[in-house]
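Here are my notes for you to read alongside the model. Take the points in order and keep the viewer open while you go.

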Amino acid sequence: MPLTPWKKVKEEILHANPWWTYKRDQVLRHDDSHGEYHYVETPGSVMVIPRTAEGEFLLVRQYRHLNQRESIEFPAGGVKAGQSWDAAARAELREEAGTTATTLTLIGSFNPFNGVTNEICRVYAASGLAAVAAQPDPSEQFEVLVLTETDIHALIAAGELWDGMSLAAWSLYRNTQFGAQFVRGDE
């Protein structure tokens, strides 16, 4: 049986900033009841899994204010207005990891929190890496980590790699031809 979508009766912007728009919709639900739905609208985000010629991965450690702790993550960030997905991925790779890539391949996408945001995160595999000067935003500070697949799995198992978007991106990566090239033999 197909599910009945809700009908948007009215949409209201509650607040907007350079990264997100906070909205409230008046909706008519499947049971004909009226309600409100609050959410965050974004232009989207990107996450990049950079793999070196030696088969190691570049991740970044950064401080996350809301959790009051450091987080290990793949380079990622929001798509800016008017920016293509690929350009956003290349910019985040340069800004956070201080590297460029000759090959950038889209491997999948996901919604990081589908009850709260309409954001779609596109995940890219990057190879043919070349070091450049990192260009973080003024509010950002990163430590670049060079990790093996075994290191990544150990960090996940220890709860030290806890970022949900990085976990989702890693899962997508491992289930593509990129991950299948080496993952199956390393386990």
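1. Let's start with a word you'll need. A residue is called buried if its relative accessible area is under 20%, exposed if over 50%, and partly exposed in between, using a 1.4 Å probe and protein chains only. By that scale W170 is buried, because its relative accessibility is 3%. Overall, buried residues make up 37% of the 187 residues in the protein.

2. Now some housekeeping. This is a predicted model, in which local features need pLDDT of at least 70 and side-chain atom pairs count only at pLDDT 80 or more, while totals for chains, interfaces and linings use all residues. Residues are numbered from 1 along each chain as its sequence is written, and side-chain values use heavy atoms, with hydrogens and water left out.

3. Contact here means heavy atoms within 4.5 Å. Of the contacts with a separation of 6 or more, 57% are between residues 24 or more positions apart.

4. Which strands make up the open sheet, and in what order? There are four of them, in the order β7-β4-β9-β8, and the pairing is mixed. Two strands pair if DSSP finds at least two bridges between them. β7 (76-78) and β8 (99-110) are at the edges with a single partner strand each, so one side of each has no neighbour in the sheet. From one strand to the next, the twist averages 25 degrees.

5. Look inside that sheet next. Strands β4 (residues 45-50) and β9 (residues 121-131) run parallel and are joined by six bridges. Helix α1 (residues 85-97) lies across β4, β7, β8 and β9, running at about 125 degrees to β8. For these angles, axes are lines fitted to C-alpha atoms (for helices, over the stretch in contact), and the angles run from 0 to 180 degrees between N-to-C directions.

6. There is also some antiparallel pairing to find. β5 (residues 57-64) is joined to β10 (residues 143-147) by five bridges, with L59 opposite L145. β5 also pairs in the antiparallel sense with β6 (residues 69-73), again over five bridges. In β6, E73 is the bridge partner of V60. β5 and β6 form a hairpin with four residues between them, and Q68 in the turn has a positive phi of about 55 degrees.

7. Now the aromatics. Rings of Phe, Tyr and Trp (its six-membered ring) pair if their centres lie within 6.5 Å; planes under 30 degrees apart count as stacked, over 60 as edge-to-face and the rest as tilted. That rule gives seven aromatic pairs. The W19 and W20 rings have centres 6.5 Å apart and planes at 50 degrees, so this pair is tilted. W19 is exposed at 59% relative accessible area, while W20 is partly exposed at 36%.

8. Is the pair W170 and Y173 stacked or tilted? It is stacked, because the planes are at 10 degrees, with the ring centres 5.6 Å apart. W170 and Y173 are three residues apart in helix α3, so about one helical turn separates them. Y173 is buried too, with a relative accessible area of 2%. Ring pairs link F57, F74, W170 and Y173 into a cluster.

9. Last, have a look at E41, which is in strand β3 (residues 34-41). E41 is partly exposed, at 27% relative accessibility. Leaving out residues up to four places away in sequence, E41 touches W20, T21, K23 and N118. Its side chain makes a polar contact with the side chain of K23 at 2.9 Å. A polar contact is a pair of N or O atoms within 3.5 Å; within protein, one must be able to donate a hydrogen and the other to accept it, and residues adjacent in sequence count only if both atoms are side-chain atoms.

Conventions
Helix = DSSP H or I, 4+ residues; strand = E, 2+ residues; numbered from the N terminus.
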